[in-house]
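User: I'm new to reading protein models and would like to go through this one step by step. Could you help me with some questions?

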Protein chains: 2
Amino acid sequence: MKLSQRVLSMPESSIRKLTPLADEAKKAGIKVYHLNIGQPDLPTPEGFFKGIRGFQEKVLSYSPTPGLPKLREVFSQYYRGQGIELDPDEIVVTNGGSEALHFSFTLLCDPGDEILVPEPLYASYLLLASVASVKLCPVPTRVEDGFHLPAREEFSRRITSRTRAILVSNPGNPTGTVYTREEMETLADLAEEYDLFIIADEVYREFVYDGEHCSFMQLPSARDRVLLVDSISKRFSACGARVGCLSAKDPVVGKELRKIAQSRLSVATVEQAGAIALAETPREYFQEVKAEYRRRRDVAVAGLQSIPGVFCRRPEGAFYILARLPVADAEEFAAWLLRDFSSGGATVMLAPANGFYVTPGRGKDEVRLAYVLKEEDLRRALAILKEGLEAYNNR
Amino acid sequence: MKLSQRVLSMPESSIRKLTPLADEAKKAGIKVYHLNIGQPDLPTPEGFFKGIRGFQEKVLSYSPTPGLPKLREVFSQYYRGQGIELDPDEIVVTNGGSEALHFSFTLLCDPGDEILVPEPLYASYLLLASVASVKLCPVPTRVEDGFHLPAREEFSRRITSRTRAILVSNPGNPTGTVYTREEMETLADLAEEYDLFIIADEVYREFVYDGEHCSFMQLPSARDRVLLVDSISKRFSACGARVGCLSAKDPVVGKELRKIAQSRLSVATVEQAGAIALAETPREYFQEVKAEYRRRRDVAVAGLQSIPGVFCRRPEGAFYILARLPVADAEEFAAWLLRDFSSGGATVMLAPANGFYVTPGRGKDEVRLAYVLKEEDLRRALAILKEGLEAYNNR
């Protein structure tokens, strides 16, 4: 019995391959510091759970396909506070940012159509593109440049008759990079010249440590060609809610978007009630969270830069660092850390960066670290990494 | 800016086109009986809400991609009670039955591949097939036969080198038809001969009014080529939970399925906690619900058959009846009922059946009725329908 090529050809996640090794290590009594996954450790605001517990309907019915009107209003107001003008009618609630991406790919691309995306890229983009039979065309960026964008020509020379959009994660997963206004204007300009959409994945909007975040929706020249991907997952440490949204200013785009959304009927009703209640979260919450992550970032960067042979620039946002290690094969090293190494009864789990690259061979000596651990644990994890690297290279 | 053909070519739901008319009628003070939508009116078991309120984690984190282990166990045990052997590891929790269908299409088909499906069919199949760029090939069934399956040759002559699966809704939406064991064996036999999968959408399993439901998973000859689509939506009147599952016995299929699921990370964690708590629902719940719907079915069928010119057979399951009306264009009639007719300050909303057909022109004089109203309301709605038909045909 035949399965589809689009699924068979999906890469298996390198993190997933490491999981059994991590499980083995834990079974052997070794503590594993997880630097590999972007699951925030901060508590979800209590409002979310209050919202859920306050749900009083007797029949748990479908919500409207584009989402509960009240939640779309809440998103609209949140955006207004961010300087982004989006009416509730321009917003469709989705099952997390993931579904917003899935909808974007399906809306813009027929099978075989292409989307440009700076590389390294968020690994789920690859899986979602396979599901939609869309081709992601990587535009290389480099650790030496802090993964900032290359010259305009690096994009334009990759545009073909099948190119439909430029996809960017900003602030970036897995890089933590926040694009400058100038970089954004360049992309907006390209999109206009070649009549492309910009799929702007801004789920890390609240995690910008130097300066303010600017949305692609705030660029007057780009606004009408932006699909804005968003989610409450990171913003409110509510990954498990699976509530996000996708927004577009163009009413034709919105209409077609609702047709896609209709195919899956609706997003979980109670989760939306929780997300509505999050509107009460005071602005200080974000300031505190941001301050906490900023400290962690500084600890992580300082820790990494103090390890001989490790290279990274200080990322401006999100909670990731993509670093080059003094090893030939970071996946092998990550496996070795779990299988063959521990220090004081503990080891670390890293995300090998090869999973964030499309171009074969790129990222082999890089890893992604998520600084979602308490400062003290983060320091300990980095010390173990340092020791591990030394031991690995002295085998 | 170009949007994809797969989305632009998606049919707009005929129910959706009627919604503004229903809204207008309501604004004018007319009560609208909704016979058009399969949203059960029965209360969701209290256990679900208890499960949700009992969620105690401080951080609402991603659940494992295939679903919470406990929920997969609950599904496994439920299936055991139904005579279906499925290990928790053979089950992937999904965002409702919709996502289980989406995963099935993507797993089995590359763009342009084909799936055979008895027509009339559940309208979302068409939308989901468009999203996945899969071609649904309809096999006609007829109201005169109670939408039971035609001769084997009607299937086999439509099988091409691109056919990957046979998709059936059993009990059927929009028909209410429950296939006989013999019909099921024929499909199983076809699947074996042509090396096809069977996508068995059995979300209405608990709604079989004459005899017991048999699952495709219970046919030894079919079992290993079945993708079982399921959902708690109808079973527990919990459509808004968006919790379903997709199961396959073949471990290779299961592995690839998990890769697709990985692309959207996970299903809402709290909803899964609610679904787990539903395991406590006593078996009598289903008996009561079934008895209630059986009564309603009998009321609806008797009411319809008493209207001159209306034709339907008594469906064996689900909560739908597809009936032929004495009108040339049921969509026009449905619009007229909302726009130009009322009786005693009330009217009815019907689902025109053309949306359930792929073959152009088929189903034009048919409508789907969902008997999800209280008996008294149902009787009233049918009386209005009778009056409306008379008035319409005497214009």
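User: In which loop is the place of Pro171(A)?

Analyst: Let's begin with the terms: helices (H or I, at least four residues) and strands (E, at least two) are DSSP runs, numbered from the N terminus. The peptide bond that leads from Asn170(A) into Pro171(A) is cis, with omega near -5 degrees. Pro171(A) itself sits in the loop between strand S5 (163-169) and helix H8 (181-193) of chain A.

User: What kind of model is this?

Analyst: Residues are numbered from 1 along each chain as its sequence is written, while chains are lettered from A and ligands numbered from 1 in the order in which they are written. Local features need pLDDT of at least 70 and side-chain atom pairs count only at pLDDT 80 or more, whereas totals for chains, interfaces and linings use all residues, since what you see is a predicted model.

User: Which residue stands opposite Ala323(B) in S12(B)?

Analyst: S9(B) and strand S12 (residues 366-370) of chain B pair in the antiparallel sense over 5 bridges. In this pairing, the residue of S12(B) opposite Ala323(B) is Val367(B).

User: What do the buried residues of H11(B) pack against?

Analyst: Helix H11 (residues 283-305) of chain B has 23 residues and reaches 33 Å from its first C-alpha to its last, close to the expected 33 Å (1.5 Å times one less than the number of residues). Its buried residues include Tyr293(B), Ala300(B) and Leu304(B). Contact here is for C-beta atoms, placed from the backbone, that lie within 7 Å. The buried residues of H11(B) pack against S9, S12 and helix H13 (375-393) of chain B.

User: Which helix gives the most to the side of chain A that touches chain B?

Analyst: The contact takes 63 residues from chain A and 63 residues from chain B. Among the helices of chain A that each supply at least two residues to its side are H1 (5-8), H3 (46-53) and H5 (96-108). With 6 residues, the helix that gives the most is H5(A).

User: Which residue of chain A comes closest to the rotation axis?

Analyst: Copies are superposed by least squares on the C-alpha atoms of residues with pLDDT of at least 70 in both. A rotation of 180 degrees with 0.0 Å of shift along its axis places chain A on chain B (RMSD 0.0 Å). That is the relation of a two-fold axis. At 2.6 Å (C-alpha), the residue of chain A that comes closest to the axis is Arg53(A).

Definitions and conventions
Pairing = 2+ DSSP bridges. Contact = placed C-beta atoms within 7 Å. Buried ≥ 20, exposed ≤ 12 C-beta atoms within 10 Å, placed from the backbone.
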